[in-house]
Amino acid sequence: MRAKAEPRRAIRMYAKELSWRCAASLVLRTRPRVQVNKGNEAMAKVALLIEMNAKPGKEAEVEAFLAKEASLVAGEPGTLTWHAAKIEGETGVYRVFDTFVDEAARDAHLNGPAGQEFFDKAGELFSESKMSRLQVVAHK
């Protein structure tokens, strides 16, 4: 009787292994791939890093302001990425990092609605802010 059980067990083990291989194959075929620029995608050449410290008690207003800024930036074709973040463990410390296709796009951003709104509200919301103009030297 044991002789009949061994082939069944071997078949079950093979089926399990086969199903794992199929699942792994499916995952490998469907996972997102890193895009490599082949000349048809815009690449970031310049960026901005804005470092801000909120005035005490203004943190909620700053976060609402940054959410509004994100909606303004969404319409800028030369702004490739825009990220607003707060530093973990530090109350009221924020950063904005954005990238642009070129200097003209960066200047358009600074002189456009989002940039002007930032300059208008900075004194009201931030105890200090610093803007650094960056050149992108590497990216993913």
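Which residues does Phe 118 touch, not counting residues up to four places away in sequence? In this predicted model, they are Ile 50, Met 52, Phe 65, Glu 69, Phe 126 and Ser 129.

## Nonpolar cores

Phe 118 also belongs to the largest nonpolar core, which has 15 residues. Phe 118 is among those with the most contacts inside this core, along with Met 52, Val 62, Leu 66 and Phe 126.

In soluble globular proteins, nonpolar side chains tend to be buried together.

## Salt bridges

The structure holds five salt bridges. One of them joins Glu 51 and Arg 95, with the closest N and O atoms 3.7 Å apart. Glu 51 lies in strand 1 and Arg 95 in strand 3, so this pair ties together parts 44 residues apart in sequence. Glu 51 is partly exposed at 24% relative accessibility. Arg 95 is partly exposed too, at 23%.

Arg 133 and Asp 107 meet in another salt bridge, at 3.6 Å from N to O. Arg 133 sits in strand 4 (residues 126–135) and Asp 107 in helix 3 (residues 103–111), so the pair links parts 26 residues apart in sequence. Arg 133 has 49% relative accessibility and counts as partly exposed, because exposed means over 50%. Asp 107 is partly exposed at 34%.

Lys 58 and Glu 61 also form a salt bridge, at 3.6 Å from N to O. Lys 58 is partly exposed at 22% relative accessibility, and Glu 61 is partly exposed at 36%.

Conventions:
Residues are numbered from 1 along each chain as its sequence is written. This is a predicted model: local features need pLDDT of at least 70, side-chain atom pairs count only at pLDDT 80 or more; totals for chains, interfaces and linings use all residues. Side-chain values use heavy atoms; hydrogens and water are left out. A nonpolar core is a set of buried Ala, Val, Leu, Ile, Met, Phe, Trp, Tyr and Cys residues joined through side-chain atoms within 4.5 Å. Buried means under 20% relative accessible area, exposed over 50%, partly exposed in between (1.4 Å probe, protein chains only). Contact means heavy atoms within 4.5 Å. A salt bridge is a side-chain nitrogen of Lys or Arg within 4 Å of a carboxyl oxygen of Asp or Glu. Helices (H or I, at least four residues) and strands (E, at least two) are DSSP runs, numbered from the N terminus.
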